[in-house]
Amino acid sequence: GRGGGGPAGGPPAAPPGSDTYKGWLFKWTNYLKGYQRRWFVLSNGLLSYYRTQAEMAHTCRGTINLSTAHIDTEDSCNIVLSNGGRTYHLKANSEVERQRWVTALELAKAKAIRMRNNQSDDSGDEEPASQSDKSELHGPLKTLSSKLEDLSTCNELIAKHGAALQRSLSELENLRLPADSGEKIKAVNERATLFRITSNAMINACRDFLDLAESHSRKWQRLLQHEREQRIRLEETIEQLAKQHNSLERACRGAPGLASGTASISSTTKGDVQSAKGEASDEDEETEYFDAMEDAPAFITVTADPKHHRRSGSNVSGASEGHPEDWNLDDSVFESSNQSSYNESMGKDLLPRKRRRSRIPDKPNYSLNLWSIMKNCIGKELSKIPMPVNFNEPLSMLQRLTEDLEYHELLDKAVKCESSTEQMCFVAAFSVSSYSTTVHRTAKPFNPLLGETYELDRLEELGFRSLCEQVSHHPPAAAHHVYSRRGWTLWQDITISSKFRGKYLSIMPLGAIHLEFHSSGNHYVWRKVTSTVHNIIVGKLWIDQSGEIEIVNHKSKDKCQLKFTPYSYFSRDVPRKVTGVVSDAEGKAHYVMSGTWDEKMECSKIVHSSHGSTSTEGKQKTVYQTLSPKVLWRKYPLPENAENMYFFSELALTLNEPEERVAPTDSRLRPDQRLMESGRWDEANVEKQRLEEKQRAVRRRREAEAVEALEEGEDYEGYIPLWFERKVDAVTGELICVYKGGYWEAKDKQDWSVCPDIF
């Protein structure tokens with residue numbers, strides 16, 4: 001075999017006896033690549049390797065701790081290092097070179113073991129510690145010594161006065177006193193002796209305790225210093241890994257061979273490449289992989305010419321065919337008009353739109369280290385982490401939910417569709433459009449207070465009115481209801497579950513979204529996908545959406561399967577890709593959906609489908625012949641200067657605009673959010689803490705009432721939402737909050753007596 005060292009295997013950079021030993025070796029990677037030349041560095045009991053010497057400045061490919069490693073030699077040139085589940089198979093250039101490395105490794109291992117043992121050895125020299133550490137350790141000892149001196153002084157006084165007392169009692173015994181008096185004096189003398197013995201024992205016990213504390217003080221100091229060093233080393237390691245991750249990401253994005261392709265083939269593959277000796281290749285340790293989605297349809301689309309299309313004589317089982325001429329029947333519906341700006345009127349029956357604000361104060365340039373706050377929150381629920389407003393945007397979660405209506409005109413067009421499958425296409429495009437506002441929105445919305453509401457009354461301008469209410473605080477849950485006079489109603493009860501995983505943050509919306517069209521009675525239900533915020537530690541924050549959405553029409557049983565492909569460095573797919581198929585109750589596919597969740601969605605009518613080749617998983621791909629795609633939805637351009645206004649869309653800029661006659665619990669009236677929007681972040685942080693403490697006090701009072709009711713044997717209902725009520729959904733069977741009415745009537749009367757004082 002080929003060996004390591006030098007240009008082709010030269011001498012190492014340092015003799016085996018030194019603290020640092022460097023050189024080239026060949027490392028086994030996998031069956032495809034075999035042994036690969038790597039630069040190895042042995043230092044401080046750790047063996048690390050790099051692809052090149054230049055990588056030492058920024059990217060370490062792997063490290064193994066020699067203090068717990070096993071060193072073995074297979075033949076004249078091979079070295080095997082194993083530590084737990086990690087094994088390195090190395091090959092040197094010659095037997096002499098192999099022996100040099102083995103000697104260096106053995107010496108480094110012995111030194112690492114010795115250093116580890118010294119850390120727990122009481123007789124070792126005292127480790128250097130900071131002045132604050134010494135004062136923390138020696139302070140209690142000084143206090144104990146002072147108290148012991150006080151006790152010793154008291155002991156001397158007790159001994160002195162006790163001896164005098166005994167002499168006096170002895171003199172009394174020698175006097176001629178009545179017999180009963182002598183007995184009493186003798187008893188007092190015995191008690192005084194016992195008292196002196198007891199006090200001496202107490203002093204001796206205190207002295208023994210101090211001696212023990214002094215003998216262990218050095219060990220305590222070393223252990224404390226060791227733990228602090230371990231914590232600092234862990235933080236530095238995590239930060240270094242994050243920097244390497246960011247460097248790798250930039251390198252991959254800049255690589256010409258990884259440019260995004262434009263192929264229209266969508267298939268799911270899954271496979272594992274095992275390395276030779278049963279371990280995974282360390283070269284891929286920093287790459288994050290996602291499993292292929294089991295139920296995602298594997299298909300290939302081929303555009304057909306409608307003028308020359310005719311049914312072929314295929315006898316492939318499962319083939320289905322549509323009529324291309326049908327594609328032109330509903331062009332008036334499918335022709336997208338969302339090329340027009342957001343501010344253009346959408347209907348002749350509506351009043352002209354009210355002039356609303358088009359900008360907010362620029363975001364202040366406050367610097368704050370997110371990692372310094374988040375490192376203590378790994379694995380915790382995000383809603384329970386106290387966060388300053390520096391990481392927020394001046395909108396609440398209720399307003400973010402309302403942003404789902406930015407492209408409500410898709411539902412207005414869906415009302416006009418006569419075919420339920422065509423209508424499903426618009427519903428699918430609407431479900432994807434709600435993610436377009438998140439592509440640059442990495443800031444966290446405000447957690448609503450319990451009982452907080454938000455209304456968006458655009459009935460006269462856009463034909464709909466929306467109401468949200470925070471119906472639960474832990475877990476955080478919001479109920480949302482939208483009525484449109486154009487023929488549809490939407491409602492949802494969403495609970496946000498989120499976890500911080502160190503390198504990324506996962507946000508999982510739980511709950512179903514319901515959409516019902518008044519004239520047809522079509523009732524659609526779907527759920528949101530998982531959102532992931534990457535580069536929490538270091539680097540530029542970015543958001544990805546991944547998972548599947550299944551939209552079901554519970555009246556006609558039509559379905560649409562949408563797959564959100566997670567971003568991968570090495571994928572040739574278009575980033576943020578979304579694909580799907582619309583099928584009827586019999587499973588026949590009618591339309592193919594394709595696009596990206598941050599730009600546009602297209603719909604292609606299927607004219608013929610057949611089973612094609614088999615994928616690597618054994619699944620059979622379906623080949624769809626389609627007509628030319630039509631754009632159903634395209635994202636509105638962001639306003640000018642959006643990067644300084646939290647990347648808000650034109651709708652988002654208006655959501656927190658002050659309005660009259662809203663409920664006193666409306667998010668627009670929340671003081672900390674208003675202060676943050678004005679750029680007064682320090683005041684906003686103070687106000688945020690006041691509101692959260694006020695909410696905690698209300699919760700404690702409610703818990704006390706629950707305990708009191710339980711002790712008295714009475715039922716306690718807990719918090720009751722103001723405008724929503726909990727019911728079992730007839731479609732999903734889940735307990736959800738649905739609008740019970742009364743809000744808009746209360747607004748007309750300006751009767752807000754039922755609203756609590758939450759601000």
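Where is the place of tryptophan 752? In this predicted model, local features need pLDDT of at least 70 and side-chain atom pairs count only at pLDDT 80 or more, while totals for chains, interfaces and linings use all residues. Residues are numbered from 1 along each chain as its sequence is written, and side-chain values use heavy atoms, with hydrogens and water left out.

Tryptophan 752 sits in the segment after α12 (743-749); helices (H or I, at least four residues) and strands (E, at least two) are DSSP runs, numbered from the N terminus. Tryptophan 752 counts as buried because its relative accessibility is 13%, where buried means under 20% relative accessible area, exposed over 50%, and partly exposed in between (1.4 Å probe, protein chains only).

What surrounds this residue? Apart from neighbours within four places in sequence, tryptophan 752 is in contact with Arg661, Val662, Ala663, Pro664, Trp723, Tyr743, Ala746 and Lys747, contact meaning heavy atoms within 4.5 Å. For alanine 663, which is 89 residues away along the chain, the C-alpha atom is separated from that of tryptophan 752 by 6.5 Å.

Arginine 661 lies in the loop between α9 (650-655) and α10 (671-677), and its phi is near 70°, a positive value in a residue other than glycine. With a relative accessible area of 41%, arginine 661 is partly exposed.

Arginine 576 also has a positive phi, of about 60°, although it is not a glycine. This arginine 576 is found in the loop between β22 (559-564) and β23 (577-583), and at 30% relative accessibility it counts as partly exposed.
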